[in-house]
Amino acid sequence: MLNEIFIKPFVDMVEAPDFLLQVLWEGLVSGILYALIALGFVLIFRSSRIFNFAQGIMVVFAALTLVGLYAMGVPAWICVLLTLGVMFVLAVAIERVVLRPLVGQPDIILFMATIGITLFLIGFGEIIFGGENKVMISEELGIPTGDTVLEPWGGLLILQHLDITVVVVATLLVLALLAFLNYTQMGRAIRALGDDHQAALSVGISLQTVWVLVWFIAGIIALVTGIAWGARAGVSFALEVIAYKALPVLMLGGLESITGAIIGGLMIGMLEKLFEIYWGQPLLGGNTETWFAFVLALVVLLFRPQGLFGEKIIERV
Amino acid sequence: MLDAAKTQETLLEVNNIEVIYNHVILVLKGVSLSVPKGGITALLGGNGAGKTTTLKAISNLLHSERGEVTKGSINYKGERVQDLDPAALVKRGVIQVMEGRHCFEHLTVEENLLTGAYTRKDGKGAVEADLEMVYSYFPRLKERRKSQAGYTSGGEQQMTAVGRALMSRPETILLDEPSMGLAPQLVEQIFEIVKSINENEGVSFLLAEQNTNVALRFAHYGYILESGRVVMDGPADDLRENPDVKEFYLGMSDEGRKSFRDVRSYRRRKRWLA
């Protein structure tokens, strides 16, 4: 038993490095999507102290809108633009109808409000687009299918073109977001608002503008993850679940840390795949991916309550 | 200097305002004051006198703290401004530097300064130029520009806060308690800089301060606030010579040590101030 836990998995990894690489690659693909979603959470949390429970349903809603519009006969790329427009309108509406009237209320009330948004979007999405599963229009969007086979160390490494596309697009999006946050006036305003609300108000930063913006960013992220995940698993309300995978990422990375969200996402993605393949399947009968991330996050929380990269609470003494 | 300030136009006019927090707590009970263009106006008084509330009423930061102006009016250059949001006021040239500095801790000093230019639309070049202007007043900030503001000293944070306000190209700065928690030497230094900003950039100041001594040396005009009312006002030099101000705020007395017999009259004067 001890052998199976502590020795055999590592021997396997060393003996078949190509397979290990394959596992890590697949982990990376889901990891980068987790990271992206976690970023959406972090931006909203930092600028408004709201834990956005609706992030998951936004993924579904974006994917549904995209597929639904295409079904109405709109060309694929126009669909993407229109869906972005819908996500923007959604952001404006949420700010106007939900956030603005609730300004200054306790955090838990705002959290409940996002649950309300979730339920609303579930119902609204079903009424407009119907509840049945749909197929993502990946071909029409020009997402490549097929795969590339590499042979590292004489072994076998299969890279799905879809996965490569996902990794490239998600990485670009993350980099663009980082650049936006660090080098633009608006990005600085978002970070400033996270540090000190009152001071941000005093220099004339408008809460409303920042909120619409972060919710719109969350919407863009939702659309990208919706397309990526929908292309593999189909578009259904089950997609919501992947957003909840971002929760352990947040516990691990810290709710406020942008770097934490990215590193946490990648770590969770890869670790859960590794655990599943080398420990889960042989020892526990598989299907560990659904809970592994949460257990890992719990263990981390026991030792570092602010998360691995939780924004350091700056205290001068 | 004093006469120059007097003859110029009035920028800010506060007329008899009342402020209520949370619908129940009456904090200001009719405060009136005016800030002339190009002057440094001091707002003096002890803890809880209403200095901060007055400034926040003007800058409209009260709303986010559940406070509201229930009576009276606040005019800036003749325009009623009490229903605007803080951003609109910053665009009109009025910006507040809050008590306790309130820097953005995780942003670098330079990023802090740049957030001050948030409302400006006059382009990158102008903002860069003003950044240099701020650094010329606060050379220390230039040395620390890459450090996170949360890790700089109290004095540096105060400088960052003032510099950040300056980056909005303001006409009037509402400066709340710049001396708080700083060593006397540093307080002196900050006030010197405020004075030179006032003289060189033509920025008017409304300055809330507990440190009456320093404030009256640098200000042109002063208002003394007690429990939400203005109890005395006048040119700073007159206030400094006023026996009551001397006794209650500057800790000096012409009579020297008081005998027990004088206590009654002391009380009477105290009541008058309260």
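Residues are numbered from 1 along each chain as its sequence is written, and chains are lettered from A in the order in which they are written. In this predicted model, local features need pLDDT of at least 70 and side-chain atom pairs count only at pLDDT 80 or more, while totals for chains, interfaces and linings use all residues.

**View 1. An open sheet of four strands in chain B.** The strand order is β2-β1-β4-β5, with antiparallel pairing. Strands (E, at least two residues) and helices (H or I, at least four) are DSSP runs, numbered from the N terminus. Two strands pair if DSSP finds at least two bridges between them. Because β2 (25-36) and β5 (79-80) of chain B stand at the edges with a single partner strand each, one side of each has no neighbour in the sheet.

**View 2. The hairpin of β1(B) and β2(B).** Strand β1 (residues 10-21) of chain B pairs with β2(B) in the antiparallel sense over nine bridges. Ile17(B) has Val31(B) in β2(B) as its bridge partner. Three residues lie between the two strands, and Asn22(B) in the turn has a positive phi of about 55°.

**View 3. Strand β4(B) and its partners β1(B) and β5(B).** β1(B) and β4(B) run antiparallel and are joined by eight bridges. Here Ile20(B) has Glu68(B) in β4(B) as its bridge partner. Strand β4 (residues 67-76) of chain B is also joined to β5(B), by two bridges and again antiparallel. Asn75(B) is partnered by Arg80(B) in β5(B).

**View 4. Helix α1 of chain A.** The helix covers residues 2-15, 14 residues in total, and reaches 19 Å from its first C-alpha to its last. This is close to the 20 Å expected at 1.5 Å a residue, where the expected span is 1.5 Å times one less than the number of residues. A kink of about 40° lies at Lys8(A), shortly before the proline Pro9(A); the bend is the angle between axes fitted to the seven residues ending at a residue and the seven starting there. The number of buried residues in α1(A) is zero, so the helix lies largely in the open. A residue is buried if 20 or more other C-beta atoms, placed from the backbone, lie within 10 Å of its own.

**View 5. The side of chain B that touches chain A.** Contact joins 26 residues of chain B with 18 residues of chain A, counted where C-beta atoms, placed from the backbone, lie within 7 Å. The largest share of this side of chain B, four residues, comes from α3(B).

Definitions and conventions: A residue is buried if 20 or more other C-beta atoms lie within 10 Å of its own, exposed if 12 or fewer, and partly exposed in between; C-beta atoms are placed from the backbone. Two residues are in contact if their C-beta atoms, placed from the backbone, lie within 7 Å.
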